[in-house]
Amino acid sequence: MAGKKTARVPRAAYEQELLRLQTELVKLQEWVRAEGARLVIVFEGRDAAGKGSTIKRVAEHLNPRQARIVALPKPTERERTQWYFQRYVEHLPAAGEIVLFDRSWYNRAGVEHVMGFCTKEEHQLFLRQCPIFERMLVEEGILLRKYWFSVSDAVQQERFRRRMKDPTRRWKLSPMDLESITRWEAYSRAKDEMLVHTDISEAPWFVVESDDKRRARLNMMAHLLGSVPYYEIPPPVLELPRRPPSTGYERPPRDLQTYVPDHAANL
C-alpha cells in the first residue's frame, strides 16, 4: 500500500511548479551535454503506477537528440541466448546523453519472476549479478538514478477501470496488466526481495508515492534535480539576422499543389 493519503496538489500550483522543474531539467540537460556526463534514469513500479506519465513530463522539453526513452519489447529468440544485461548495455548513454528507461533490466526481478518467464536459477543469478553490474556502471562514471513508483491496490484498480473505458488509453491495458491484480502479493514479495539485493549505496532505490500522479511527478523531478550537481550553462548569444530583400521570387500557383483539406473549418 502507498503511504498516508494527502490532499491532491491543486492544478494551478502543479502546473506552475511543473514548468519550473521542466525548465531546470533543460538546464540539467545542457550541463550533461557541456560536461560530457552520462545520466541513466530507471523508472520501475507496478502497472498503472504513473511511470509513463512521469517520463513524458520529464522528457517533454528536452532535446530528443541527447535525451531518449528506452522501452524495450520482449526479447527476441536471439536475445534470449545473450547475457541477460547485454541488450540493455547497447542503450546506455554516450557522453552528453540522458537515457530514461521505461522499465529496465529489473523486468527479471518483477514480471519475469512472478509470471514464470524465467527460471528460479535465472532469477537468483540476476539478484547476484545486478549489484555488480550497477557498480560497474557507477565506477565507469555513469550517473545512475533508480525510482520505484509505489501505488496502492485500490488506486491501481481504479486506473485500470478508467483505461478500459478510455479509447485513447485502452492500449495501455494488457492481459498481463490485469493478471497483476490477482498476483498483487506475489509482486509485493518480488519487489521486497529485489530491494534487499539491489538497494546498494552506489545506486540506491528511491521510492515515489504515486497515488497522486501530480505529486509523484513533482517529487520525482525535484529529487532528480537535487541529486545531480549541475549548474546553469550560459546559452550562446544569438542574433536574429535581417531578412534580405526580395530578388523577384514568386510562389507557384496554389492549384499546382495538393493541400490538406481544412477539417478545422467544420468545427
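Student: Why is I132 called partly exposed?

Tutor: In this predicted model, I132 has a relative accessibility of 49%. Buried means under 20% and exposed means over 50%, with partly exposed in between, so I132 counts as partly exposed. The residue is found in helix α6, residues 120-139.

Student: How far apart are I132 and K213 in sequence and in space?

Tutor: I132 and K213 are separated by 81 residues in sequence, and their C-alpha atoms lie 33 Å apart.

Student: What makes A48 buried, and where does A48 lie?

Tutor: The relative accessible area of A48 is 6%. The cut-off for buried is under 20%, and therefore A48 is buried. A48 lies in the loop that runs between β1 and α2. A48 also has a positive phi of about 65°, although it is not a glycine.

Student: Why does R103 count as partly exposed?

Tutor: R103 has a relative accessibility of 26%. That value falls between the limits of 20% and 50%, so R103 is classed as partly exposed. Its place is the loop between β3 and α5, the latter being residues 111-115. R103 is not a glycine, yet its phi is positive, at about 70°.

Student: What is the order of the strands in the sheet, and which are the edge strands?

Tutor: The sheet is open and consists of five strands in the order β2-β3-β1-β4-β5, with parallel pairing. The edge strands are β2 (67-70) and β5 (205-209), because each of them pairs on one side only. Neighbouring strands of this sheet are turned against each other by 20° on average, direction ignored.

Student: Over how many bridges does β4 pair with β1 and with β5?

Tutor: β1 and β4 pair over seven bridges in the parallel sense, and the bridge partner of E44 in β4 is W148. β4 and β5 pair over five bridges, also in the parallel sense. Here Y147 has F206 of β5 as its bridge partner.

Student: Why is β4 described as largely enclosed by the rest of the structure?

Tutor: Of the eight residues of β4, seven are buried, and therefore the strand is largely enclosed by the rest of the structure.

Student: Which strands does helix α2 touch?

Tutor: Helix α2, residues 51-59, packs on the sheet and touches β1 (38-45), β2, β3 and β4 (143-150). The direction of α2 makes about 155° with that of β1.

Student: Which residues make the contact of α2 with α10, and how do they divide?

Tutor: From α2 come S53, T54, R57 and V58, and from α10 come K213, R217, M220 and M221. These residues divide into three nonpolar, two polar and three charged.

Technical notes:
Residues are numbered from 1 along each chain as its sequence is written. This is a predicted model: local features need pLDDT of at least 70, side-chain atom pairs count only at pLDDT 80 or more; totals for chains, interfaces and linings use all residues. Side-chain values use heavy atoms; hydrogens and water are left out. Two strands pair if DSSP finds at least two bridges between them. Helices (H or I, at least four residues) and strands (E, at least two) are DSSP runs, numbered from the N terminus. Axes are lines fitted to C-alpha atoms, for helices over the stretch in contact, and angles run from 0 to 180 degrees between N-to-C directions. Contact means heavy atoms within 4.5 Å. Ala, Val, Leu, Ile, Met, Phe, Trp, Tyr, Cys and Pro count as nonpolar, Asp, Glu, Lys and Arg as charged, and the others, Gly among them, as polar. Buried means under 20% relative accessible area, exposed over 50%, partly exposed in between (1.4 Å probe, protein chains only).
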